[in-house]
Amino acid sequence: MSSIKWIFSYINKYKFRFYIALTAVLLSSFMAMINPYLSGRLVDEVIIQNKTDILFPILGVMVAVTVIKAIIRYTYQMAFEFVSQNVIFELRQKMYSKLQELDLDYYNKTRTGDIMARMTGDMDAVRHFVAWVIYNICENVTVFIFAIISMFFINVEFTLLMFALTPIVAYCAYRFAKQANPIFFGIREQFSKLNTVVQENISGNRVVKAFAKEDYEILKFEERNKAYMDANMELANVAQKYLSILNALSNMFTIVMILAGGIFVINDRLTMGELVMFNGLIWAINNPMNMVGWLINDAQRFIAAARKIKILVNEETKIKNPEEGIKPKKLKGEIEFRNVNFEYGYEPVLKNINFKVKSGQRVAIFGQTGAGKSTIVNLIERFYDATSGEILIDGIDIRKYNLQGLRKNISISMQDVFLFSNTIEENISYGVSEIDNNKINWAAEMADANNFIQNLSDSYETVVGERGVGLSGGQKQRITLARSIIKEPSILILDDTTSALDVETEAMIQKNLNTIYKDKTCFIIAHRISSIKDSDLILVLDDGRIVESGTHKELLDNKGHYYGVYKAQYGDYLDEEDNEDCKEVG
Ligand SMILES: Nc1ncnc2c1ncn2[C@@H]1O[C@H](COP(=O)(O)OP(=O)(O)OP(=O)(O)O)[C@@H](O)[C@H]1O
Ligand SMILES: [Mg+2]
């Protein structure tokens, strides 16, 4: 029931049209009683009593009723379609907005295939319910009730006799609904899983090919496909059983009517015309009985789909955007971590992190893979919130800023490069509100990407990303770097952004950044000492803790972890130089 209430909260916006359409259904059902009644009168009065003068008026009314009913039916079907399309449009928008709002934690836990299933199959089940199932239920229920009332008016005894079968129908419908409900959930679940396999296979097709795992993938798909088929077959088994019983019962009505009707007519308890009326109304009893199974089927499908969509739409984000959050115009870029601890699950990943960065400083985060470097910058962006402790920007806890306002001031060039399937121009200018060619060129030049972009067939208009031309890892990194630079943020974060570049290119980019980012706070994560040695502050991270910090020189003098890595990277060179002067390295 809650699913129905929920969908009505969306229908409410179109309630005028919706209720008019429902009234039209009522009217049309009522009109459906007229022709059987007139047929009866035709038999009794025109044929038996020979009142031929009323033949044409009756026929005229019958034709008029048929035409008007057809027009009304067309109108309400269109109205329901209109409402359903609008409801589904709104729901899709809402779901998409929710997907934008949800945090990384949600995406880590949720399969893409599930989300795609919500957006496609489940949405369609809801649309079908609003466009078709609702009015069919109303139509069938009202026609059924009107037919019973009409029959009672004609002959009470005969009607009661005919309805001896109804409790069995009601019982069958109830049993069917009960048994089909869990099966529908199973089907939706299997559909999600099937979607996930396809989606992962498509995005990971290179890995599949590289490892020659096509057969394995086909087998995996077959398993899921089979599970989906089985779930559908299970439903078909249950459905066919009950649908056949319901169908047989509805046919039984016709037999009972002909048999009992004949006896009633012979005994003069029913006129011939009244039997014709009953005969004309029998479809109004048969049809709903035949339909009840199908409608239960569709309604259950709707309930299963609606529940899944509702869960997604009502999903709570862990990252809360404060209602009256501070909207910074331009941040200075002072950052402080105060006793910050963080865990993704139960394992602590960052342990008691403390550091302070002044505006315009360049900070390097250095450490082994898995040490927690990306996690630190994820916290600055509020991709996740610290489990305990505080992160302050310009002296204010970052949780007090409006989320978008905060992120507008930060630019991150992420470790796992992602480009949209769009032109290079649009990819670079993604974070700024307008496309300015001069600025795009400038950003590309700063990221040392201008040259290779101009050599591409369509220069900045070249489509890259999923369906676009292939780019090398370093080229992609430079485009994402340009995308970060063009935003001119207060805080720039480069997470392993130059890892795929040769040392010379990297040095050139570093030089460019030195000139343009004098007043901006910069975080650089890199594994090469050459990338970070000029930083104002180097944080050496080991297993989630800052084990050392200082400038390159201070850290070398310290002869700790950093020095060890330095020696490993420049060992030969240092031996030649007799460990004397390290400043020239890089
Ligand atoms: N989304 C996540 N869910 C759970 N654990 C995670 C998640 N992301 C990272 N971790 C774990 O947190 C730890 C730190 O990861 P992080 O990505 O910060 O490392 P890193 O220092 O950036 O490493 P790398 O140099 O390889 O990029 C790792 O042990 C990793 O397994
Ligand atoms: Mg990382």
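Is N339 buried, exposed or partly exposed? N339 turns out to be partly exposed, with a relative accessible area of 43%; buried means under 20% relative accessible area, exposed over 50%, and partly exposed in between (1.4 Å probe, protein chains only). Before we go on, please note that this is a predicted model, in which local features need pLDDT of at least 70, side-chain atom pairs count only at pLDDT 80 or more, and totals for chains, interfaces and linings use all residues. Residues are numbered from 1 along each chain as its sequence is written, chains are lettered from A and ligands numbered from 1 in the order in which they are written, and side-chain values use heavy atoms, with hydrogens and water left out.

**View 1. Two residues with a positive phi, N339 and A212.** N339 is found in strand β1 (residues 335-343); helices (H or I, at least four residues) and strands (E, at least two) are DSSP runs, numbered from the N terminus. Although N339 is not a glycine, its phi is positive, about 45°. Most residues other than glycine have a negative phi. A212, also not a glycine, has a positive phi near 50°. You will find A212 in the loop between α9 (205-210) and α10 (214-266), where A212 is exposed at a relative accessible area of 57%.

**View 2. The magnesium ion (ligand 2) and its protein donors.** S374 belongs to helix α12 (residues 373-380) and Q415 to the loop between β6 (410-413) and α14 (424-428), so the pair ties together parts that are 41 residues apart in sequence. Donors are N, O and S atoms within 2.8 Å of the metal (3.2 Å for Na, K and Ca); water is not among the atoms, so sites may look incomplete. S374 is partly exposed at 21% relative accessibility, and Q415 is partly exposed too, with a relative accessible area of 41%.

**View 3. The residues around ligand 1.** Ligand 1 is surrounded by 14 residues, and the closest are T369, K373, S374, T375 and Q415; a residue is near a molecule if one of its heavy atoms lies within 4 Å of it. This shell divides into 4 nonpolar, 9 polar and 1 charged. For this grouping, Ala, Val, Leu, Ile, Met, Phe, Trp, Tyr, Cys and Pro count as nonpolar, Asp, Glu, Lys and Arg as charged, and the others, Gly among them, as polar. Helix α12 supplies the largest share of the shell, 3 residues.

**View 4. Polar atoms beside ligand 1.** A polar side-chain atom of K373 is 2.7 Å from an oxygen atom of ligand 1. A polar backbone atom of G372 lies 2.9 Å from an oxygen atom of the ligand, while a polar side-chain atom of N108 lies 3.1 Å from a nitrogen atom of ligand 1. Taken alone, ligand 1 exposes 630 Å², and the protein buries 62% of that. These areas come from the Shrake-Rupley method with a 1.4 Å probe; for residues, only the protein chains shown count as cover.

**View 5. Helix α12 and the residue that follows.** Of the 8 residues in α12, 7 are buried, which leaves the helix mostly covered. Among the buried ones are K373, T375 and I376. After α12 comes R382, whose phi is positive, near 60°.

**View 6. S531 and its partner E506.** S531 sits in helix α19 (residues 529-532) and is buried, with a relative accessible area of 5%. A polar contact of 2.3 Å joins the side chains of S531 and E506. Such a contact is a pair of N or O atoms within 3.5 Å; within protein, one must be able to donate a hydrogen and the other to accept it, and residues adjacent in sequence count only if both atoms are side-chain atoms.

**View 7. I71 in helix α4 (residues 55-101).** I71 is exposed, with a relative accessible area of 51%.
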